Amino acid sequence: MARSLPLQRAACNLGRPIKLLPAKNMRTVGTLVISLPLVVVAASCASTGSAEGPPTDPPAAAPVAAPSDETAIFSQAQAERGRATFRAICAECHYSSEFRGTQFQFSWRRRSVADFFEEISSTMPEDAPGGLEPAQYLDVVAYVLELNGFPAGEGDLPLDLEALETHSMAAPPAGAARAR
Ligand code: HEC
């Protein structure tokens, strides 16, 4: 019986549909996001081994699961549409420089892309809150991510709050764009 344990553990690891990345790239991911898949893996592994007594070695802590292009979550075209929308609408009252740099990044560092989307789409433009199409707000979010040094990727940000919730507004570590 004891012999099958390593195999079971390997199966648990193989069953994880998520690529591994060095911990260095994980700074932009909220702890909740990181821990969920690991908890699932730990639970399924623990249940297969429970009949044998306490597990001898816990799941390794070092590998952290996340999508590989963690920061490249919008496309260049989307950011450009967002810039046009920003200039046409938001720039009536805002400078784009309000949405980048130390102060902006500090106040948003612990919040998600979904939070930012929800804030602007429910409160802005101040004279017509919610007055734009959801896709237009999403474009502006892409533009703001670009302003803050996030690299553009293949696809547009999806209009899916659950997906956006898994991405942090915290600026990516310097060089994230070159790491790919
Ligand atoms: C008619 C003027 C006006 C327009 C147009 C406008 N805003 Fe605002 N916005 C404001 C005001 C006023 C505030 C509140 C500032 C404060 O309380 O510090 C604000 C606040 C914000 C904040 C919160 C700032 C922070 O520090 O968290 C964000 C984000 C924002 N606006 C984004 C946008 C975006 C994106 C658009 C375009 C879709 C937009 N605004 C259009 C007037 C405007």
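How many helices and strands are there in the chain? There are 7 helices and 2 strands. Before I go on, keep in mind that this is a predicted model. If you walk along the sequence, the pattern reads α-β-α-β-α-α-α-α-α.

A bit more on the chain as a whole. It has 180 residues, and 23% of them are buried. Now take the contacts between residues at least 6 apart in sequence: 80% of those join residues at least 24 apart.

Okay, let's go to the core. The largest nonpolar core has 25 residues. Which of them touch the most other members? Those are Phe116, Phe117, Val140, Val141, Ala142, Val144 and Leu157. Helix H5, residues 113–123, and H6 each supply at least two residues of this core, and the largest share, 9 residues, comes from H6. As a general remark, nonpolar side chains in soluble globular proteins tend to be buried together.

Let me pick out Val144 from that list. Leaving out residues up to four places away in sequence, Val144 touches Phe99 and Phe116.

Next up, how H6 sits against H3. Helix H3 covers residues 76–88 and helix H6 covers residues 134–147; their axes come within 7 Å and cross at roughly 105°. So H3 and H6 are roughly perpendicular to each other. Who meets whom here? On the H3 side we have Gln78, Ala79, Arg81, Gly82, Arg83, Thr85 and Phe86, and on the H6 side Gln136, Asp139, Val140, Val141, Ala142, Tyr143 and Glu146. By class, this contact has 6 nonpolar, 4 polar and 4 charged residues.

Now follow the chain out of H6. In the loop between H6 and helix H7, which is 161–165, you find Phe150. Is Phe150 buried or exposed? Phe150 has 25 other C-beta atoms within 10 Å, so Phe150 is buried. Setting aside neighbours within four places in sequence, its contacts are Thr71, Leu145 and Pro172. Pro172 is 22 residues from Phe150 along the chain, and their C-alpha atoms are separated by 6.1 Å.

Last stop, the ligand. There are 14 residues around the ligand, and the ones that come nearest are Cys90, Cys93, Met124, Pro125 and Glu126. What is the shell made of, by class? It has 8 nonpolar, 2 polar and 4 charged residues.

To wrap up with two things to look for on screen: H3 and H6 crossing at roughly 105°, and H6 giving the largest share of the core.

Key:
Residues are numbered from 1 along each chain as its sequence is written. This is a predicted model: local features need pLDDT of at least 70, side-chain atom pairs count only at pLDDT 80 or more; totals for chains, interfaces and linings use all residues. A residue is near a molecule or strand if its C-beta atom, placed from the backbone, lies within 6 Å of it. Ala, Val, Leu, Ile, Met, Phe, Trp, Tyr, Cys and Pro count as nonpolar, Asp, Glu, Lys and Arg as charged, and the others, Gly among them, as polar. Axes are lines fitted to C-alpha atoms, for helices over the stretch in contact, and angles run from 0 to 180 degrees between N-to-C directions. Helices (H or I, at least four residues) and strands (E, at least two) are DSSP runs, numbered from the N terminus. Angles under 35 degrees count as roughly parallel, over 145 as roughly antiparallel, 65 to 115 as roughly perpendicular and the rest as oblique. Two residues are in contact if their C-beta atoms, placed from the backbone, lie within 7 Å. A residue is buried if 20 or more other C-beta atoms lie within 10 Å of its own, exposed if 12 or fewer, and partly exposed in between; C-beta atoms are placed from the backbone. A nonpolar core is a set of buried Ala, Val, Leu, Ile, Met, Phe, Trp, Tyr and Cys residues joined through C-beta atoms within 7 Å.
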